Amino acid sequence: MATIQAGAGTSSSPSVAGLAEPVPAGSALVAFPSLMSLARQAIPRLLEAVIIPLTLFYTALAAFGLNGALAAVLTWAYGSLAWRRLLGRPMSASMILATVAITVRVALAAWSGSAIVYFLQPELGTICFSMMFLASIWLRRPLVGKLIGEYVRLPQAVMAHERIRRCFVHLTVLWALVLLANATVSIWLLLSATLGTYLLVRPIAVAIISVLAFTCSVTLFLRVLRHLDLHPRSSGRPAPIRGAQEGAR
């Protein structure tokens, strides 16, 4: 677990000057999820939502044709929900919405008789998401700030700092462009290459773009935190570190 801890007392050091509100007295612990914990959450979801459905689709397409591939994907989607229900695991609203979305995708692809229609729909959705990221900047509520808040518990005074808010804006622009780039590359592959090439190359290209963007995002975010004298430290348990002390340095 990587942790950050601000020093006790109300800070008036130059590094936190300009906070919208003073840092409260006492230590404010900020916990970062470890890469292992993130991987344990992400890998099962990646397998369930992306890798297995793509593998099923391509295998069934080669063996049974388009309708067989669509039936295999739909069976997996509803089978996953039924399996969770059988095990008593919670089914989130996002999972139910994803199943409804895959049902619509399958129905439209079956009606059109085209695999391109099946794979084109989520790419159009990705473009819409990128527009939502950009719109959130115009509304002065950058989506990246909301997403980071789900994983990193930052004090309100830090969240309101101008540098942090500007960082969220920059990262939101970055991820809007990343989503747009992923969708553009995917649509280009879908329309210009064979379906087999698309299924093989597209996940690799999207993964490379996303990993590079994630690395840049983490680097920029940590750099801004260090500017505020909040220094990350990796350890198995929370460990206090020297933060902003009362008075100017």
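This report describes the fold, helix packing, salt bridges and selected residues of a predicted protein model.

## Basis of the model

The model is predicted: local features need pLDDT of at least 70, and side-chain atom pairs count only at pLDDT 80 or more, whereas totals for chains, interfaces and linings use all residues. Residues are numbered from 1 along each chain as its sequence is written, and side-chain values use heavy atoms, with hydrogens and water left out.

## Overall architecture

The protein contains 8 helices and 3 strands. These elements are DSSP runs numbered from the N terminus (helices: H or I, at least four residues; strands: E, at least two). Along the sequence their order is β-β-α-α-α-α-α-α-α-α-β.

Of the 249 residues, 35% count as buried. Here buried means under 20% relative accessible area, exposed means over 50%, and partly exposed lies in between (1.4 Å probe, protein chains only).

## Packing of helices 7 and 8

Two packed helices are described by the angle between their axes and the distance between the axes. For helix 7 (residues 162–192) and helix 8 (residues 195–227), the axes come within 10 Å and cross at roughly 170 degrees. This crossing makes helix 7 roughly antiparallel to helix 8. Axes are lines fitted to C-alpha atoms, for helices over the stretch in contact, with angles from 0 to 180 degrees between N-to-C directions. Angles under 35 degrees count as roughly parallel, over 145 as roughly antiparallel, 65 to 115 as roughly perpendicular and the rest as oblique.

The contact of helix 7 with helix 8 has 21 nonpolar, 6 polar and 2 charged residues. In this classification, Ala, Val, Leu, Ile, Met, Phe, Trp, Tyr, Cys and Pro are nonpolar, Asp, Glu, Lys and Arg are charged, and the others, Gly among them, are polar.

## Salt bridges

Side chains of opposite charge can pair when their charged atoms come close. The structure holds 2 salt bridges, each defined as a side-chain nitrogen of Lys or Arg within 4 Å of a carboxyl oxygen of Asp or Glu. One joins Arg-202 and Glu-123, at 3.1 Å from N to O. Arg-202 lies in helix 8 and Glu-123 in helix 4 (residues 115–138), so this pair ties together parts that are 79 residues apart in sequence. Arg-202 is partly exposed, at 21% relative accessible area, whereas Glu-123 is buried, at 2%.

Another salt bridge links the side chains of Glu-162 and Arg-166, at 3.6 Å from N to O. Both residues belong to helix 7 and are 4 residues apart, about one turn of the helix. Glu-162 is partly exposed, with a relative accessible area of 46%, and Arg-166 is also partly exposed, at 36%.

## Nonpolar surface patch

Ile-43, Leu-46, Leu-47, Val-50 and Ile-51 form a nonpolar patch on the surface, with about 390 Å² of accessible area together. Patches are made of residues with over 30% relative accessible area and no salt bridge, with like charges joined within 9 Å and nonpolar side chains (Val, Leu, Ile, Met, Phe, Trp, Tyr) within 5 Å. Accessible areas come from the Shrake-Rupley method with a 1.4 Å probe, and for residues only the protein chains shown count as cover. Ile-43 is found in helix 1 (residues 35–64) and is partly exposed, at 48% relative accessible area.

## Individual residues

Most residues other than glycine have a negative phi. Arg-140 has a positive phi, near 60 degrees. Arg-140 lies in the loop between helix 4 and helix 5 (143–151) and is exposed, at 71% relative accessibility.

Leu-66 is in helix 2 (residues 66–87) and is buried, with a relative accessible area of 16%. The C-alpha atoms of Leu-66 and Ala-110 are separated by 7.9 Å, with the two residues 44 apart along the chain.
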